[in-house]
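Hi everyone, thanks for coming.

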Protein chains: 4
Amino acid sequence: MNGFERKKEQKKKAILQAALELFKLHGFKKVSISDIARAADVSQVTIYNHFGSKDGLIREVVKALLSRILDKAREIIREDKSFPEKLEAIIFDKTKIASEYQGELMRAAVRNDPEMQDWIESFWQEDVKQVTLDLLKEGKREGYVSPRQSEELFSLYLEILRRGVFASPDLINKIEPDVEVYRELNYLFIYGLMGKKD
Amino acid sequence: MNGFERKKEQKKKAILQAALELFKLHGFKKVSISDIARAADVSQVTIYNHFGSKDGLIREVVKALLSRILDKAREIIREDKSFPEKLEAIIFDKTKIASEYQGELMRAAVRNDPEMQDWIESFWQEDVKQVTLDLLKEGKREGYVSPRQSEELFSLYLEILRRGVFASPDLINKIEPDVEVYRELNYLFIYGLMGKKD
Amino acid sequence: MNGFERKKEQKKKAILQAALELFKLHGFKKVSISDIARAADVSQVTIYNHFGSKDGLIREVVKALLSRILDKAREIIREDKSFPEKLEAIIFDKTKIASEYQGELMRAAVRNDPEMQDWIESFWQEDVKQVTLDLLKEGKREGYVSPRQSEELFSLYLEILRRGVFASPDLINKIEPDVEVYRELNYLFIYGLMGKKD
Amino acid sequence: MNGFERKKEQKKKAILQAALELFKLHGFKKVSISDIARAADVSQVTIYNHFGSKDGLIREVVKALLSRILDKAREIIREDKSFPEKLEAIIFDKTKIASEYQGELMRAAVRNDPEMQDWIESFWQEDVKQVTLDLLKEGKREGYVSPRQSEELFSLYLEILRRGVFASPDLINKIEPDVEVYRELNYLFIYGLMGKKD
DNA sequence: AATGAATGAGGGTTCATTCAT
DNA sequence: GATGAATGAACCCTCATTCAT
């Protein structure tokens, strides 16, 4: 890659980064192309040259974001930790990467975009499924998950918890800084309301 | 209330109803005052006369919505059902009332509105807390919730599950029409990943 | 019509007039809504409130213009003049009304507008046809037009001459100010290249 | 001319051809440099290297077009046909070359371009005049044109008819496929509304 | 109280043109 | 000479809001 292309790639990265930053803060609709251009220090037109339209930009931002989240999850699973620790790490995303995942807002943006829906569908089936399956196996092996647990339901449960947590920073922050809240919630996810029978 | 005031009140209701309907479908930003005025069959100015501004209207819509959701929860708790049934009813909102609760979108609208934040804060402390407490007591009494469970954590857990479920209709719908999925998820909420020890 | 509506109608007229003026000078594409708004001393949005879009405005301008041209033609025919005089008046449009008829430009604007095409089609069939027929009858009665001349061809010939003349002010002006050129051209239209046999 | 320069010349031709094609279809304003570059398979900048600006390109396109039309007329006149046949061929341009002559649109492009006006002026005086004169002489010789017909008026009449016909494809096409319409119109051009006295 | 008309500010997008390689 | 990348200016249009009745 010569200097020309590297510079181009740098600008593209800068745009994506600035867009992500702003979308996180204010949502897709409220952020204008002009805002992003200013933040990335490029002309508006450069954004159009790279992404074609605002929708095109949103698409790329969402794709990049989901990929990053998945990479993070893969990494967590590879680490040498217990199942509860991994579960907690994935759901609460201490690295803050996934906090960028604006649950509902993302859905809103994707709702009327068939191409995006297809991409996500295949992303889910091909990439996420594998990661989830790995985690499930480990949970069963270590005795934290019932052997009867189906993969499908486990995957759904996991995502609901993730989205629920991401959608509730206001509530969680109210309880902090007692950091134990994460541990206790995680306990609930594993043992349920009933708690561990002992 | 005379006929004149009743008519006035009707218009206000119509505006709120139309606004809610449209906000549900397209989110706050995408719906214009003009859209709402057309749907409610009033002039734009009438909306301003009643609500002062778009933000004012949003505020009232959110308040009305949250109140309705709470009423629904109260009603569920009063019914003659078991704790798991009530839990399921509240979280999955079969009545679809809470599906109007555009999780993340609502937060986005509230984020920069201190007045609204105050209202919600007190709403949570005074009204929601009571309902949650009732449910928690019942869960403990019937043996579905560990006696050691704190009210604060229970409330947080409940809200995370609610928001997670509301944010995941795409995933849940993919599994349907096997309606058992609701029951099985509810089972997970109560007994956790580990499942009931028996 | 009360004062409110009269004022509204005045603004609409002002917009149409300004638009026509500018379109005449620079063509449809080169004139921006902003230009028209400035010329008519209204806000851009007012134009949108009245005409919906730039295309909508163009439509109305074209319709108004064609109607005015036709009215002028009707008036000419009613006057107490000879056939050649009327022919000349219609084709050369000394009143300059029809000089506003930007032949090709208008067609360009209409090309991709089915609704407009329909309107023009019916306008031609219902209104123009009648006027043309009146003129043709008179021409035959006075002996300036061959009795064998079909109405269809006469109408086509007339329009070709009109459009050709409108499209050629550059050439005609080069010959002026010898005003006789109009008379001589008109002579050509009636007697052809061969001239009158006498 | 070596291979290098030939290649360069080819690109220039390709650009002119693509530009003409697109201008014909959509007019000068609606076609962007980017469109032309894509159609000619060159970079936008190459167009600027060759023509300096969009206006420069338009100038060259117009010049090339007018030259082609004139060449065609010359060719027609050289053929072994009667005057009416030649007149018809020139006015109706069955070869479709002149259909590229976007009457009014071209004028619009030329209007504010003094350089272009000068070029056209001299083109008219030096080249077109000669061709017209040849045709006029032939018409008089064969007895189809009155001996008293001045060259100036004949030229003007011819151009008006040409432009009128080019501006009226919509009307002419409505009468087709009765191909006789061309002949009958041509008859009108020669003998006028009054028709041949016999 | 209610409305139709009007608007300033701003949004996404396209264009002719220039820069850097 | 040719190109991909970048841009300032402008365009059409929409919105929340106010004015005049």
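Predicted model: local features only at pLDDT ≥ 70, side-chain atom pairs only at ≥ 80, totals over all residues.

**Around the DNA**

Residues are numbered from 1 along each chain as its sequence is written, and chains are lettered from A and ligands numbered from 1 in the order in which they are written.

So what classes of residue make up the surface near DNA strand E? We get 11 nonpolar, 17 polar and seven charged residues. For the classes, Ala, Val, Leu, Ile, Met, Phe, Trp, Tyr, Cys and Pro count as nonpolar, Asp, Glu, Lys and Arg as charged, and the others, Gly among them, as polar.

Now DNA strand F. It has 35 residues around it, and the closest are A:Ser43, A:Val45, B:Ser32, C:Ser32 and D:Val45. The surface near DNA strand F splits into 11 nonpolar, 17 polar and seven charged residues.

Okay, on to the protein chains. In chain A, the domain assignment gives domain 1 (1-52) and domain 2 (54-191); such bounds come from an automatic or database domain assignment. Where they touch, domain 1 of chain A puts in 11 residues and domain 2 of chain A puts in 12 residues. By contact I mean that the C-beta atoms of two residues, placed from the backbone, lie within 7 Å. On the domain 1 side in chain A, α1 (3-26) and α3 (44-51) each supply at least two residues. Helices here are DSSP runs (H or I, at least four residues), as are strands (E, at least two), numbered from the N terminus. Which helix gives the largest share of that side of domain 1 of chain A? That's α1(A), with five residues. The domain 1 side in chain A divides into eight nonpolar, two polar and one charged.

Next, chain against chain. Between chain B and chain A, the contact takes 42 residues from chain B and 42 residues from chain A. On the chain B side, α6 (103-111), α8 (151-166), α9 (169-175) and α10 (180-191) give two or more residues, and α8(B) gives the most, with 10 residues. The side of chain B that touches chain A has 21 nonpolar, 10 polar and 11 charged residues.

Chain C and chain D meet through 40 residues of chain C and 40 residues of chain D. α6 (103-111), α8 (151-166), α9 (169-175) and α10 (180-191) of chain C give two or more residues to the side that touches chain D.

Last topic: helix packing. Two packed helices are described by the angle between their axes and the distance between the axes. The axes are lines fitted to C-alpha atoms, for helices over the stretch in contact, and angles run from 0 to 180 degrees between N-to-C directions.

In chain B, helix α4 (residues 54-78) and helix α5 (residues 83-92) have axes that come within 9 Å and cross at roughly 165°. That makes α4(B) roughly antiparallel to α5(B); angles under 35 degrees count as roughly parallel, over 145 as roughly antiparallel, 65 to 115 as roughly perpendicular and the rest as oblique. On the α4(B) side we have B:Ala73, B:Ile76 and B:Ile77, which meet B:Lys86, B:Ala89 and B:Ile90 in α5(B). This contact holds five nonpolar, no polar and one charged.

α4(B) also packs with helix α7 (residues 114-141) of chain B, at an angle of about 5° and with the axes 10 Å apart. Therefore α4(B) and α7(B) are roughly parallel to each other. Their contact has 11 nonpolar, no polar and five charged residues.

Technical notes. Near = placed C-beta within 6 Å.
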